[in-house]
Amino acid sequence: MATEIPEGASLLIEQIGTLAVVPPGPIVGAQMRTVPVINDASLLVRDGRIAWFGPTSDAPLDEGAYVLSADGGCVIPGLIDPHTHIPFAGDRSGEFTRRLGGETYLSIMEGGGGINSTSRAVRSASFDELVSENLPRLERMLENGVTRVECKSGYGLRPEDELKQLEVIRALDQQQPIDLEATYLGAHAIPGEFADRVDDYLAEIADPALLTEISGRGLARFCDVFCDRGAFNVDQARLVLTRAAEAGLRPKIHADELAQIGATRLAGEVNAISADHLEQIDDGGITALREAGTVAVVLPGTSFFLGIEHCNARRLIEADLPVALATDYNPGSCMIESLPWIMNIACCQLRMVPSEVLAACTANAAAALDVHQRVGAIKVGFDADLVLLDVPSLESWFYTPGLPRVHAVIKSGQIVYRRPEHAR
Ligand code: NIG
Ligand code: FE
């Protein structure tokens, strides 16, 4: 993608009405609620990193800098979506309508639909088809201000197709500006051919040789398990995640979504980087996550889309857990790819305030992917991943959902997106 900044030149963003100075994650409690801001600010980028920021009156002179005006709007760190099921194929709009008619996510899954339905589509799609079907999804996410996305396998459900999905993630990473973080999710569902033979399935997808190949080739950094009623139980999830950790893949868990079966306690036990969903979390689960320093990734788009009870995010924040938000973008339980839309659901339905939501989608989302040492915050030396918004305040962004507010997106110091009326 073309950028107008001459090679070697700095980038000076000026006329920033409000700069949200998000501190590095993980952040908790009052720190989430009170992200500091600087009004009438400027920000200087050099060599792809934040070199200086502060009040415009104090801005250093850099005569050769390329100047970009924020036109009095807000500047925030690039948004991070730490839980998606990209890449996927196929269409489950029929299931959506069946659910509206009263069938449940679980009953559709038990009838051979659900994850297994998408698995059939992913298995029969070629590598190139998977890339071309998923690239536009990422292009639209960039237009929403998202600069880093976690992507999972989990629809191959056999080694060769799980590897195909991970290779597709690698190709997608190279073909567009958003940085992708890959997660291996072989234990997403039991494929039809292994019904009643779960142990045989686990032997295949948690084979140490396969896990070592995935880790060794850098095809994934994380391993996730769907540990819930209708999927894998705690003992099965423990086996997969322990072996994965031995192979160098950091655990993540789909936990406490449909039922409380002890998945968040397991997250603490295996020192998971994140536990995701948490609609049914209990006090023991909260304690386990806090003791392990695990990030709580809340997915309110899923509860909205499925019409199930939301996670009580206020309880998690009040318990001083670092809370992140994500789309969970997938064809079954949340076909919402817009992180700003999810952020608005978090405000209106979970009663998170704008500052908390911003922290959850930047600093804490970075912590859920173990990249909080260099992204997700406004700090000198951090990657210059930034979003310019056409809003006078953060509050007004959340107050007017659905309007296209992203004016420009900067990735590692390059202008990778400008909304057309702002293009020069
Ligand atoms: O996070 N809960 C498990 N996995 C996904 C749904 C995947 C699908 O239905 O295709 C989720 O909600
Ligand atoms: Fe998910």
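**View 1. Surroundings of Asp 276 in the predicted model.** Leaving aside residues up to four places away in sequence, Asp 276 touches Pro 82, His 83, Ile 253, His 254, Ala 255, Val 297 and Leu 299, where contact means heavy atoms within 4.5 Å. Asp 276 itself belongs to strand S11, residues 274-277, strands being DSSP runs (E) of at least two residues and helices DSSP runs (H or I) of at least four, both numbered from the N terminus. The model is predicted, with local features needing pLDDT of at least 70 and side-chain atom pairs counting only at pLDDT 80 or more, whereas totals for chains, interfaces and linings use all residues. Residues are numbered from 1 along each chain as its sequence is written, ligands are numbered from 1 and chains lettered from A in the order in which they are written, and side-chain values use heavy atoms, without hydrogens and water.

**View 2. Polar partners of the Asp 276 side chain.** The side chain of Asp 276 makes polar contacts with the side chains of His 83, at 2.8 Å, and Ser 274, at 2.7 Å; such a contact is a pair of N or O atoms within 3.5 Å, in which, within protein, one must be able to donate a hydrogen and the other to accept it, and residues adjacent in sequence count only if both atoms are side-chain atoms.

**View 3. The iron ion (ligand 2) and its donors.** The iron ion (ligand 2) is coordinated at 2.1 to 2.2 Å by His 83 (NE2), His 85 (NE2), His 254 (NE2) and Asp 328 (OD), donors here being N, O and S atoms within 2.8 Å of the metal (3.2 Å for Na, K and Ca), with water not among the atoms, so sites may look incomplete.
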